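Look over the sequence and the fold below before reading on.

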Amino acid sequence: MGSAAFTALVVVASAHAGARGWGLHAPGFLPLPLRLGLLLMLAGCAAIVALGAFRPGRRDEGEETRARPRGVAFWLPGLLLPYGAALWALRARTQLLGDGTVWLATARTGEHRAYSEPLFAALWHAFAALVRRTGRTPDGLSMSLFPVLCGVAAALILAGIATEIAPARRRWLLPLALLLTLGISQLFFGYIESYPAAAVFILLYLWLALRRARGLDPWWVAAAALALAVAAHLSALYLVPSYVVLLWLEKGPLGRRAALLALPFAILAALLVALGYRPSEWTAPLRAAASGVREGMGASFHRPYGFFSFAHFADVANAVLLAMPVPILLLFGWGPAMRGRLRPFPKDLAVLAAAAVPGFLLLAWVMT
């Protein structure tokens, strides 16, 4: 039902591409043959879901669904080159957004400004230095390769995540395909900003947190991944509750868990110092965010709509439908399947929920 409804919404929104359906109406801007082809593919996917749902005699896979895959196929690295080529072919042809213009200017002039993304800034300027070594000036075309490379790195990490969530051996390809086609994949289409690199480190943390939830890897691995994600973009602090839940579900002395709670912050502090991000700069983004909140609350009449309004709800819903339609459909399917029985969450699902809920609240707070 959800897949059919989503298909119908996309068809209607694409036929009447207005301001209220920006999470659904992208096909409406394509040439007619391409638009029809895309909508037919979407309808075909909904039909496949319906056939799978109503297929008679489906057996309960039981324990088989809990089997852990043995690893990523050896041929996966061979797909990285065509995948990277596809990202490059789909790259943004213009760089009109203000932040992208600023980062391009810093690459050309060599001015090192960390803003709230110190790790990304270091990687960005290192890549610009590599471009100069080739005899080119860092420009929109050459620097577009950086987010494409981030996409290739993200594909490897997503393969690892797929093997964590796939129910059995050789069944991780479908989750991988769904993860590769999340809305965040657009960040890797030559999009010049800090978000492509930040996404890579956020995904890396989620993968290593899932592995730690299974008892794999030392604790410092997940702690270091969290520190890297926050250093790449300070907004990744929203992931801290998931690390706390991961610790809370861990068995062991309270003192040890307290030390492990402090570990990612100690690694983060050392990393920021190593990147030349002085302590006086650490609080600047937080002060700017707090100032923005105060000004926004004090001048609400400048907003196009109120926080508690249908317009704000519609924008949040559009953002969700644009970036993660399949996960939201899976959540809607999971709800009725529980039949009102809220059984204890598995450890890995609890960690993911503790990462997703603060992220959604952060999204909902944004006034677009």
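Leaving aside residues up to four places away in sequence, which residues does L239 touch? In this predicted model, L239 touches I202, Y205, L206, L226, A229 and A355, with residues up to four places away in sequence not counted. L239 belongs to the largest nonpolar core, which has 70 residues. Together with W124, M143, Y205 and Y243, L239 is among the members that touch the most other members of that core. Helix α9 supplies the largest share of the core, 13 residues. There is also a second, separate core of 5 residues, including F6, V10, A13 and L24.

The chain as a whole gives the setting. It contains 17 helices and 0 strands. Of its 368 residues, 37% count as buried. Among contacts between residues at least 6 apart in sequence, 68% join residues that are at least 24 apart.

Y238 lies in the loop between α10 (219-232) and α11 (240-248). Y238 has a relative accessibility of 22% and therefore counts as partly exposed, since buried means under 20%. Not counting residues up to four places away in sequence, Y238 touches I202, A355, P358, G359 and L362.

Helix α9 (residues 195-213) can now be followed to two of its packing partners. One of them is helix α7 (residues 145-165); the two axes come within 9 Å and cross at roughly 15 degrees. Because angles under 35 degrees count as roughly parallel, α7 is roughly parallel to α9. The crossing of these two helices is left-handed. On the α7 side the contact is made by F146, P147, C150, A153, A154, I157, L158, G160, I161, E164 and I165. These residues meet P196, A197, V200, L203, L204, W207, L210 and R211 in α9. By class, the contact of α7 with α9 has 16 nonpolar, 1 polar and 2 charged residues.

Another partner of α9 is α11; their axes are 11 Å apart and the packing angle is about 10 degrees. The two helices are therefore roughly parallel to each other. From α9, the residues in contact are Y205, A209, R212 and A213, and from α11 they are S242, Y243 and L246. This contact divides into 5 nonpolar residues, 1 polar and 1 charged. Two of its residues, Y205 and Y243, were named above among the core members that touch the most others.

Most residues other than glycine have a negative phi. Y115 is not a glycine, but its phi is positive, at about 50 degrees. Y115 is placed in the loop between α4 (98-109) and α5 (118-133), and its relative accessibility of 36% makes Y115 count as partly exposed. D217 also is not a glycine and has a positive phi, of about 65 degrees. D217 is found in the loop between α9 and α10. With a relative accessible area of 26%, D217 is partly exposed.

Key
Residues are numbered from 1 along each chain as its sequence is written. This is a predicted model: local features need pLDDT of at least 70, side-chain atom pairs count only at pLDDT 80 or more; totals for chains, interfaces and linings use all residues. Side-chain values use heavy atoms; hydrogens and water are left out. Axes are lines fitted to C-alpha atoms, for helices over the stretch in contact, and angles run from 0 to 180 degrees between N-to-C directions. Helices (H or I, at least four residues) and strands (E, at least two) are DSSP runs, numbered from the N terminus. Angles under 35 degrees count as roughly parallel, over 145 as roughly antiparallel, 65 to 115 as roughly perpendicular and the rest as oblique. A crossing is left-handed if the near helix is turned anticlockwise from the far one by less than a right angle, and right-handed if clockwise. Contact means heavy atoms within 4.5 Å. Ala, Val, Leu, Ile, Met, Phe, Trp, Tyr, Cys and Pro count as nonpolar, Asp, Glu, Lys and Arg as charged, and the others, Gly among them, as polar. A nonpolar core is a set of buried Ala, Val, Leu, Ile, Met, Phe, Trp, Tyr and Cys residues joined through side-chain atoms within 4.5 Å. Buried means under 20% relative accessible area, exposed over 50%, partly exposed in between (1.4 Å probe, protein chains only).
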